Amino acid sequence: MFRLDPGRHYPTETESRVIIRFQDCDPLQHLNNAKYFDYYFNAREDQVAKLYDFNPGQMFHELRTSWVVYQHQIAYIRPALVSEWIRIASRLIYHNDDTIVTEFYMTDDARTHLKNVLWTVSKYVSVDTGKRVPHDPIIMDFLKTTELPNVDYPHIDFNDRIKAIKQQVLSVAV
């Protein structure tokens, strides 16, 4: 489980390099739309375990809580192709007492083209009752420490955020 270490740097954006698998693609050799979720969630799970020493399974057993997906918003900008190496970035862009918003985006391996953006809204629930509960203090420490600053999620439009991410990708590529 996450234990805040004040002397440690915690990145607010994480990244994985992944190859698009043949079995996950449609007949046009594009990553199947539903498979984007698998790639994103698997990358995020690996990233938070490695970078933050955070284990959702441990949270489930020790705190008897979990996050459940409430809503997705996704944009398919460019296809990810079979056997292509891609980059998956993820970051927490918002949290309150019982909700988190995770932003995912995918680029080509060189980070020159934005392929996809996903926002996932999750609610924090008791596994015993299935009802929303406030984040535990240790979880709030994790969220405050790892949230990307300066994203005004309640007041930003998804399409405007895509434009901002495109600009970010282009500025890194130059």
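Predicted model: local features only at pLDDT ≥ 70, side-chain atom pairs only at ≥ 80, totals over all residues.

Tutor: Five strands build an open sheet, and their order is β1-β3-β4-β5-β2. The pairing is antiparallel. Look at the edges next. β1 (14-19) and β2 (65-76) stand there, each with a single partner strand, so one side of each has no neighbour in the sheet. From one strand to the next, the twist averages 25°.

Now take one pair. Strand β4 covers residues 99-108, and strand β5 covers residues 114-126. They pair in the antiparallel sense over nine bridges. Find Val101: opposite it, in β5, stands Val121.

Two helices come next. Helix α1 (residues 35-52) packs on the sheet. This helix touches β1, β2, β3 (85-95), β4 and β5. The direction of α1 makes about 130° with that of β1. Helix α2 (residues 56-63) lies across β2 and β5. Relative to β2, α2 runs at about 145°.

Is Thr65 buried or exposed? Its relative accessible area is 4%. Buried means under 20%, so Thr65 counts as buried. What does Thr65 touch, leaving aside residues up to four places away in sequence? The list is Met59, Phe60, Tyr124, Val125, Ser126, Val127, Val133 and Asp136. With Tyr124 there is also a polar contact: the side chains of Thr65 and Tyr124 are joined at 2.7 Å.

Note on methods: Residues numbered from 1 in each chain as written. Heavy atoms only, no water. Pairing = 2+ DSSP bridges. Helix = DSSP H or I, 4+ residues; strand = E, 2+ residues; numbered from the N terminus. Axes fitted to C-alpha atoms, helices over the stretch in contact; angles between N-to-C directions. Contact = heavy atoms within 4.5 Å. Buried < 20%, exposed > 50% of the residue type's maximum accessible area, 1.4 Å probe, protein only. Polar contact = N/O pair within 3.5 Å; in protein donor to acceptor, adjacent residues only side chain to side chain.
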